[in-house]
Amino acid sequence: MDSCDIGVIGLAVMGQNLALNIERNGYRVAVYNRTAERTRQFLAEHGQDKQLVGCETLAELAANLKRPRRVLMMVKAGNAVDQVIAELLPYLEPGDILIDGGNSFFKDTERRAQEVEAKGLLYLGMGISGGEEGALKGPSLMPSGHRHAYQALEGLLQAIAAKVQGEPCVTYLGHGGGGHYVKMVHNGIEYADMQLIAETYDLLQRGLGLKAEQISQTFATWGQGVLNSYLIEITAHILKALDPLSGAPLVEKILDVAEQKGTGKWTSEEALELGVPIPTLQAAVEARALSAQRTLRLEAARQLDGELLGEASSPAPAVADLEQALYAAKICSYAQGMALLAQASQTYGYGFDLSEVARIWRGGCIIRARLLEDIRRAYGENPTLPNLVLAPFFRQALVNAQSAWRKTVCFGVSKGIPLPALSAALAYFDSLRSARLPANLIQAQRDYFGAHTYRRIDEEGVFHTEWQSME
Ligand code: 6PG
């Protein structure tokens, strides 16, 4: 009894793999699952010679833990987390630490932290990225909450996290829901990254006529350069895989309806709430929603001539141009995610260090990429950078990529290939670099129909015009 260093509740794949990762790092782990059969199966498969203790009730789990207890909940985000907390609390004591490792909404984490801490316990919300493999071999960890709870767990978290150049991909991300906030934005960027890659695949395939095998090789080559990243690497693998039934590339047999569990949508809603423009991330969420309207698309394709337009009025880009376009758009999408984090840090007082955020995303997580080292450096050199695109390194990269990027988007537009994220990123870049936007006209219109007033460029004060009486 009371011999285990930590308890893990929830033995779906992520919970199982994290428990194994923690155990491999020298900790004794008590495990519990609502359905006891799964706990038994898990122990039968993995329990031999391992420091794993199966528990069939929460009382048993609590009794098996060293004091103060440390319990990691790996259950589905939403009501299940509240339920587990309510069922577990009677077995815990003040000073015990409760950690939520699911993809919880940050505001739920804020609320739970308050409720749990009112009872004298300590709460940590922890975003975990890396999928099944990351959980087992080393994920990126995004914890926040009570500082003492973080300090009590820091050693364990550093041990199980992914390492990049010896540095563990974990850092303290402020109070309450800060960690889940960072994970949410990570997922928003993940959506954008995936959408940008998918659009580039479309351009390579339908636009330039490359076969899946050639596109796979293209991505594999790009993966050695500035685009080096996990998502590019798996894309190269995916495009190589053949369907055992038909022998055709498997990817071509997959229904073109992208699903989502909601973290991308939360990022979009949050950005609208805080007034931070993240058009590339928004475009990625909406592109998934549009892909899901398949019946409508099939009908529209029939009525609106779904074939690609013949001779493109814009010249075809070279494959190297597409690489530059993807890189530039990727920079803009990370810039948008970072801008949202910067604003959230102010609004909610999380105190995010963006250089640290980039550092812990360099390994273990789904958006890990070479680019994150450059982002880490940019915020390290200037923590109050107004926007990533203004960091000298990225400014130069965008200037260099600009003409290839424009050529790529023009070609897609002229062929009728939808590029919602690539073009939204370009419009973001162009909006940022426009000293004057046509918002003056919007202000005039608002004042015309609603007397909403406007400000002038040459005089202080607030103005209204009786537009109808003007010549
Ligand atoms: C991660 C991922 C993961 C996420 C999946 C699916 O960082 O490991 O972000 O947490 O749940 O990628 O997300 P969607 O179903 O919304 O695509």
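In this predicted model, an oxygen atom of the ligand is placed 2.9 Å from a polar backbone atom of K261. Taken alone, the ligand exposes 420 Å², and the protein buries 79% of that area. The space that the ligand takes is the second largest pocket, and because domain 1 (6–176) and domain 2 (183–432) both give residues to the shell around the ligand, the ligand lies between these two domains.

**Contacts of the ligand**

**The shell around the ligand**

- The shell consists of 13 residues, of which S129, K183, E190, Y191 and R288 come nearest to the ligand.
- Sorted by class, the residues of this shell are 2 nonpolar, 7 polar and 4 charged.
- Helix α8, which spans residues 178–207, gives the most to the shell, its share being 5 residues.

**Domains of the protein chain**

- The domain assignment of the protein chain gives domain 1 (6–176), domain 2 (183–432) and domain 3 (439–470).
- Domain 1 and domain 2 are the pair between which the ligand lies, since both give residues to its shell.
- The centres of domain 1 and domain 3, taken over C-alpha atoms, are separated by 56 Å.

**Backbone features in two loops**

- The peptide bond that joins R67 and P68 is cis, with omega at about -15 degrees, and P68 has its place in the loop between α3 (58–63) and β4 (70–73).
- D49, a residue other than glycine, has a positive phi value near 55 degrees, and D49 is found in the loop that runs between α2 (36–46) and β3 (52–55).

Note on methods. Residues numbered from 1 in each chain as written. Predicted model: local features only at pLDDT ≥ 70, side-chain atom pairs only at ≥ 80, totals over all residues. Heavy atoms only, no water. Near = heavy atom within 4 Å. Polar contact = N/O pair within 3.5 Å; in protein donor to acceptor, adjacent residues only side chain to side chain. Areas by Shrake-Rupley, 256 points an atom, 1.4 Å probe, with all protein chains shown as cover. 1 Å grid on protein atoms, 1.4 Å probe; cavity = no way out; pocket = protein on both sides within 12 Å on 5 of 7 lines; lining within 4 Å. Sits in = over half its atoms within 2 Å of the grid points. Helix = DSSP H or I, 4+ residues; strand = E, 2+ residues; numbered from the N terminus. Nonpolar A, V, L, I, M, F, W, Y, C, P; charged D, E, K, R; others polar. Domains from an automatic or database assignment.
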